[in-house]
Amino acid sequence: MDIICNIVLIILSMSITGTVLSLLWILLKTVFGKFLRSDILYFLLKLVIVSFYIPIFILDITIKSYFYSGFKNYYFFFSKPMKIVLGLIFAVMVVMIIIKLISWIKGNLKIKKTVRFRIPVKVNVNKIVDELRAEMNIKKKFDVYQAFVTTPFIYGFFKHVIYLKMENYDDEDIKIAIRHELTHYKQGDVFFKPIASIMFCINWFNPLAWYIKNEYNIWAEVSCDYKCFTKGGLTVEEYFLGVFRMAGEIYEQYMGIVSPVGGKSEIYKRTTLMSKYSRNEIKPLSLALISLFTVIISVFSLYEVSYAAGNLYNYVYETTQTEIKEYDVVTEDGSVEHVINNVTDDEKNYNATNEVFNQISYNDYKTDENINVDVIVNKNESWMTTVSGLNGDNIILVALTCELKDSVFEIGIIEPDGTVRYIECDNRVNHRFKVNKTGIYKIFITNIGQEDANVKCSIMISPQSKEE
C-alpha cells in the first residue's frame, strides 16, 4: 500500500511542478508577449510540458534530507486515513488513464483504417519533397501518399508518412503543405507529441494540464506557420490562403498524429496569434533580461510551492496519525523506556544499514551465550538485526560500548505488533528489555550523535525467570 501511496504522491508532485510553470508561462505570455515571437513562446511551452514529469516536491525533500540531515534515503509515511484517500485516488487515476489510452488507441486505429486505401503521389510532388528536404537540410526521407483524409498531416513515430487529400492542387499549395509537414518534423513535433499526450494522460485531473494541452496543439501550429512563411518567401496572406485551400476538418489530437493545416475554424485563431506574436523582433539584451527574470521567478516559485507542499504533507500526516501514541515507562532498574505503539518497521528504521545477521534463532541459541558485534554506525543511521523464536517470556540484554565519549545512541527493540521500545544512552550502557509477546523481534542501535561511531555491542537472550 505504501508503494501505491508514493506513486500517487509522485504524480501529485509532478502536477504541482507543471502547474507552477504553467501559470508562469501564462504570465510571461501576458506581460512580455508583445516582445516574444511565437516560436520562442512555443519552445517555453514545451519546457512547461516537460516540467509535468518532474516531481519537484519529492526531489526537494530528498535533496534536503541528504545534505542537511545526512540521510541517504527518505521515505514518506502515511497514516491510515491518508492511505485510504490516496488508494482511492490511485484507483480513479488508473481507471481514467486506461480510458484515455483506450480512446487514443481507438483514434489511431481509426486513422490507420482511413489511410489503408492510399495511392502514391505524382512525380512532381516527390520532386517538391526532395527540393524542400534539401533546402531545410533534412536527410530523412519521407513517404508521401494521397488518401481519403480530411486534412493533410504527418503520421508515425519511427516511420514518418505524409498524407495529402485526394484532390488535385497546384504546386504552390502542395509546396505550402509539404513545407508545413517538414517543419513539424524539423521542430521535433512528431517526437514531442507522444510526450505531451502521455503528460495529459497522467495529469487528466489537473485543469491546467487540459489548458496546456490545448495551447500546445495550437502553438505547435502557430510556431510552424511562422517558420513556414518567413523562410518560404511568402507573405502572411499568401501563406494562409494556401493553408485555407488545403484545410479541411481537423482530426482529434491523437498520440501519433501531427495535424498541420487543421480545420478552417482554427485558421482564424492562428492568423490572429501570428499577427500578435510572430512579427516581434526582440533585442538580445531584452531577451536576456526576460530570460533571467523567468529563471529567477521560476526557481523562487518552485521553492516556495515545494516548501508549502511539505508543510501541508506534515500537517495532514500529523493530524490524521491518531493511532500512534508515545509515552514513557520506568523499568525496575530505574531506566526510562520510550514506547511508541503501532509503528511500522520502516517508520523507525527507514535509514537502517543492512542487517549483520540474517536472523538470530532463539531455538538454536545457547542460553547465556553472548552474540558480539563490532560495527561502525554512521550518524543518523541505524544498525539492526532480528530475533525469532521468542515465546513471550524472555529477556533481551543489550550491552554497548563506544570509545567516542560524545556519542549518543538510541537502543531499542521493535515488537511483533509494531510497538517500539527504546532508551537514549551515551557511550556505555547495559539494558534489559523484557519480552512479553511471541514472535519476531528487531533489535536496533541508532546513532543520533554528531559523528560516525565504532560500536561494540553484546546481545544475550535468556528466560525471564533465570535472569530475574
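Below are exercises on charges, cysteines and backbone angles, with worked solutions. The model is predicted.

**Exercise 1. Decide whether Cys224 and Cys228 are in a disulfide, and state whether each is buried or exposed.**

Step 1. Take the cut-off: a disulfide needs two cysteine sulfur atoms within 2.5 Å.

Step 2. Check Cys224. The nearest cysteine sulfur belongs to Cys228 and is 4.2 Å away. Cys224 is therefore in no disulfide.

Step 3. Check Cys228. Its nearest cysteine sulfur is that of Cys224, again 4.2 Å away. Cys228 is in no disulfide either.

Step 4. Read the count. The model has 0 disulfides by this rule.

Step 5. Classify the two residues. Buried means under 20% relative accessible area. Cys224 has 0%, so this residue is buried. Cys228 has 1% and also counts as buried.

**Exercise 2. Trace the salt bridges around Glu415 and Lys437.**

Step 1. Start with the total. The count comes to 8 salt bridges.

Step 2. Pair Glu415 with Arg421. Their side chains meet in a salt bridge with an N to O distance of 2.8 Å. Both residues are buried.

Step 3. Pair Glu415 with Lys437. The closest N and O atoms of this salt bridge are 2.5 Å apart. Glu415 sits in the loop between strand E12 (409-414) and strand E13 (420-425). Lys437 sits in the loop between strand E14 (428-435) and strand E15 (438-447). The pair links distant parts of the chain, 22 residues apart.

Step 4. Compare accessibility within that pair. Glu415 has a relative accessible area of 4%, so Glu415 is buried. Lys437 has 28%, so Lys437 is partly exposed.

Step 5. Pair Asp417 with Lys437. Here the closest N and O atoms are 4.0 Å apart. Asp417 is partly exposed, at 40% relative accessibility.

Step 6. Join the pairs. The network of salt bridges links Glu337, Glu415, Asp417, Arg421 and Lys437.

**Exercise 3. Locate Asn137 and Asn380, and state the phi and accessibility of each.**

Step 1. Take Asn137. Its phi is near 60°, a positive value in a residue other than glycine. Asn137 lies in the loop between helix H5 (123-135) and strand E2 (143-147).

Step 2. Classify Asn137. Exposed means over 50% relative accessible area. Asn137 has 60%, so Asn137 counts as exposed.

Step 3. Take Asn380. This residue is not a glycine, yet has a positive phi of about 65°. Asn380 is in the loop between strand E9 (371-377) and strand E10 (382-391).

Step 4. Classify Asn380. With a relative accessible area of 22%, Asn380 is partly exposed.

Conventions:
Residues numbered from 1 in each chain as written. Predicted model: local features only at pLDDT ≥ 70, side-chain atom pairs only at ≥ 80, totals over all residues. Heavy atoms only, no water. Helix = DSSP H or I, 4+ residues; strand = E, 2+ residues; numbered from the N terminus. Buried < 20%, exposed > 50% of the residue type's maximum accessible area, 1.4 Å probe, protein only.
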